Structures are given as C-alpha cells and as structure tokens.
Amino acid sequence: MARYFDVHPDNPQRRAIGQVVRLIREDGLIAYPTDSCYALGCQLGNKNGIDRIKEIRALDDKHHFTLICQDFAQLGQFVHVSNAVFRLVKAATPGKYTFILPATKEVPRRLMHQKKKTVGVRIPEHVVTQALVAELGEPLLSSTLLLPDQEEPMTQGWEIKERLDHQVDAVLDSGECGTEPTTVIDLSEGEPEIVRVGAGDTSRFE
C-alpha cells in the first residue's frame with residue numbers, strides 16, 4: 001500500500017520531503033507533481049523501479065526516460081551540451097520542457113536510447129519537485145504518469161493513490177496538477193527538433 005503525503009505547494013514540509021527521499025533511496029517508486037503534470041519517479045540505479053514504470057505505463061524499450069535535475073550544474077554531469085545548445089536550454093529553464101541530449105557516462109546504459117545514446121533531461125519550475133531533487137542530491141529518474149488506458153494524466157493525488165495503491169510506494173499531493181505533459185525538444189544533433197508539443201511554448205525553437 002502506497003504512503004500518502006499531503007505536501008504544502010509553496011512551503012513543502014522538510015520532514016515529509018525527507019521521508020519521501022528515504023523511500024526513493026530504498027529503491028521506492030513514487031508518484032509526484034511537477035509544473036506540467038504528475039510523474040513517476042525513482043532513483044537512477046533502481047532497475048526494479050524502471051521495470052515498474054514500464055509495467056505501469058506499458059512502455060517498450062524505445063521510451064526516453066527523463067532525468068529531473070535541480071539546476072544546470074547537475075544537468076551538465078549527465079548530458080553533453082555545446083555552447084549553442086547551452087544558450088537555447090538556459091533560456092528555456094526552469095520550465096515545462098524536456099530536452100533530448102547525448103548522454104554522458106554517468107547515465108546508466110539501460111536509460112539511454114538504444115541507438116542514439118541519448119536521454120531526456122529537464123529542470124522543472126515546481127517548488128515540491130525542486131525540494132525533492134535538492135534533498136536527493138542527484139537527478140530523479142522520471143516518466144509522465146500517463147496510463148495506457150487514459151487520454152490525459154490524472155490530476156489529483158488521492159485519485160492516483162486509489163488507482164496505483166499497490167504499484168507505487170508513495171504519492172505526493174500538493175494540490176491539483178496540470179494535465180499537459182512537457183514540450184519535448186530533441187537537441188541531440190545541435191538543431192532543435194520539436195518531438196512533442198506540450199505545455200512549453202515552442203516558438204523559440206521553430
């Protein structure tokens with residue numbers, strides 16, 4: 001049964017964040033809010049957590065996972081960023097964008113795109129998400145919480161708790177979350193390619 005954490009959206013309780021991070025470090029899988037919609041998250045090296053995300057979402061091996069990063073310094077440890085790409089990404093973060101970039105050796109091979117050796121990264125603008133990754137001290141491996149039988153992600157923490165009670169270890173609720181996933185921009189070849197139009201404005205990449 002999943003633990004349920006009611007977290008303040010502007011001043012998340014440190015004790016609650018600490019308890020959730022302990023669960024993550026113990027190979028737990030969590031459902032948590034972001035500035036676009038709810039996501040599933042686990043620790044980078046948690047193979048079981050990755051398998052559970054794939055099972056919940058019915059994903060294949062081609063799926064791009066996302067590393068939720070606290071800031072640019074952290075992001076730069078896990079992806080290769082040229083000067084031109086740096087400027088593009090810097091101008092759009094923190095925000096509702098996921099960027100696909102070439103992965104560094106810090107990224108476990110099973111998280112990379114099999115052929116391209118790329119991974120998704122993002123720096124969200126959400127107080128609770130930022131508190132989580134700050135406490136964790138490393139990126140949170142994530143995937144949008146969009147179930148295979150649903151058109152849109154669920155927006156309520158209690159609803160997610162009811163639906164995924166025996167499939168995740170914790171649910172964080174900080175009020176209603178959006179339903180629109182991030183805009184995905186592939187910058188792995190240098191020039192921006194819009195892969196998915198979502199919550200982030202695409203005009204700067206067109």
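This is a short walk through the structure shown above, from its overall build down to a few single residues. Keep in mind along the way that the model is predicted.

Let us begin with the whole chain. It has six helices and ten strands. Its C-alpha atoms fill a box of roughly 45 × 35 × 35 Å, taken along the principal axes. The radius of gyration is 16 Å, close to the 17 Å that the globule rule gives for 206 residues, so the chain is as compact as a globular protein of that length. Buried residues account for 53% of the 206 residues in the chain. If you look at contacts between residues at least 6 apart in sequence, 66% of them join residues at least 24 apart. The UniProt record, an unreviewed entry, lists residues 14–200 as "domain: YrdC-like". That span is 31% helix and 20% strand, and the C-alpha atoms at its ends lie 29 Å apart.

Now turn to the sheet. Ten strands form an open sheet with mixed pairing, and their order across it is β1-β8-β2-β3-β7-β4-β6-β5-β9-β10. At the edges you will find β1 (3–6) and β10 (193–196), each of which pairs on one side only. Neighbouring strands of this sheet are turned against each other by 30° on average, direction ignored.

Strands β4 and β6 run parallel and are joined by three bridges, with Leu67 standing opposite Val121 in β6. Strand β5 (residues 97–102) runs antiparallel to β6, and four bridges join the two; in this pair, Ile100 stands opposite Gly120. Moving on from β4 (residues 66–68), you meet β7 (residues 140–144), and these two strands pair in the antiparallel sense over three bridges. Ile68 has Leu140 in β7 as its bridge partner.

Two helices are worth a visit as well. Helix α1 covers residues 14–25 and includes Gln19. Gln19 is buried, with a relative accessible area of 16%. Leaving aside neighbours within four places in sequence, Gln19 is in contact with Arg3 and Phe5. Helix α2 (residues 47–57) holds Arg52. With neighbours within four places in sequence again left aside, the contacts of Arg52 are Asp27, Leu29, Gln167, Val168 and Asp169. Arg52 and Cys42 are ten residues apart in sequence, and 9.8 Å separates their C-alpha atoms in space.

That brings us to the cysteines. A disulfide is a covalent bond between the sulfur atoms of two cysteines. The structure holds zero disulfides. Cys42 is in none, and the nearest cysteine sulfur, that of Cys69, is 14 Å away. Cys42 counts as buried because its relative accessibility is 0%. Cys69 is buried too, with a relative accessible area of 0%.

Definitions and conventions:
Residues are numbered from 1 along each chain as its sequence is written. This is a predicted model: local features need pLDDT of at least 70, side-chain atom pairs count only at pLDDT 80 or more; totals for chains, interfaces and linings use all residues. Side-chain values use heavy atoms; hydrogens and water are left out. UniProt positions are given in the numbering used here, feature names are shortened, and annotations may be inferred rather than shown by experiment. A disulfide is a pair of cysteine sulfur atoms within 2.5 Å. Buried means under 20% relative accessible area, exposed over 50%, partly exposed in between (1.4 Å probe, protein chains only). Two strands pair if DSSP finds at least two bridges between them. Axes are lines fitted to C-alpha atoms, for helices over the stretch in contact, and angles run from 0 to 180 degrees between N-to-C directions. The radius of gyration is taken over C-alpha atoms; the globule rule is 2.2 Å times the number of residues to the power 0.38. Contact means heavy atoms within 4.5 Å.
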